[in-house]
Amino acid sequence: MADDVGERLRALRTLRGISQRELAKRCGVTHSSLSLIEQGKVSPSVSSLKKILDAIPMSVGDFFTMDLENGRRVFYSAEDLADVGTGDVIYKLVGADRRDRALSFMVETYPPGADTGREMIAHLGEEAGMVLEGEIEITIGAESRVLQAGEAYYFETNVPHRFRNPGSEPCRLVSCATPARAF
């Protein structure tokens with residue numbers, strides 16, 4: 001039973017994009033206790049589990065009935081999107097619970113000055129996206145352009161690329177990449 005609760009809790013926390021330390025801080029349980037629960041070494045009391053789930057938020061009933069195995073969910077609320085970004089950049093991944101995803105569909109947020117890093121990124125596949133708010137400078141190979149809200153891009157990702165927000169406002173965009181990346 002403890003293993004099942006721990007595995008479910010770890011899967012849920014990961015799906016929601018919450019670190020173990022962050023969840024421990026939110027719910028008032030020590031990081032070490034949360035770690036032991038997720039490892040299946042300690043079985044939480046019902047009140048402790050409720051306290052942890054309230055910080056996610058999720059009801060105890062939903063926790064035990066959620067389907068983590070088949071990943072065939074169709075609809076996702078904003079809270080269901082896992083943040084797989086790094087640093088200041090936020091990548092909200094749709095369908096993170098689908099193990100057999102064929103693509104990565106994300107809502108990306110770049111605060112002013114944020115970028116994907118000094119080094120250009122390259123991987124197999126294709127990527128397309130559209131700027132919803134703000135502006136983003138995209139460099140693909142030797143080409144560079146600042147896109148505004150309503151403008152879009154599409155490129156082969158084996159060409160080295162980089163994203164940077166040169167503006168004073170956050171940039172939000174939606175993107176889709178193939179093949180799906182395991183974040």
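Modeller: Thr 157 touches Ile 121, Ala 122, His 123, Leu 124, Gly 125, Glu 126 and Glu 127, leaving aside residues up to four places away in sequence; a contact here means heavy atoms within 4.5 Å. Keep in mind that this is a predicted model, where local features need pLDDT of at least 70 and side-chain atom pairs count only at pLDDT 80 or more, while totals for chains, interfaces and linings use all residues. Residues are numbered from 1 along each chain as its sequence is written, and side-chain values use heavy atoms, with hydrogens and water left out.

Thr 157 sits in the loop between strand 7 (152-156) and strand 8 (161-164). Helices (H or I, at least four residues) and strands (E, at least two) are DSSP runs, numbered from the N terminus. Thr 157 counts as buried because its relative accessibility is 0%; buried means under 20% relative accessible area, exposed over 50%, and partly exposed in between, with a 1.4 Å probe and protein chains only.

Two strands pair if DSSP finds at least two bridges between them. Strand 5 (residues 135-140) pairs with strand 6 in the antiparallel sense over 6 bridges, and Ile 140 stands opposite Glu 143 in strand 6.

As for the helix, Leu 49, Ile 52 and Leu 53 are buried in helix 4 (residues 46-54).
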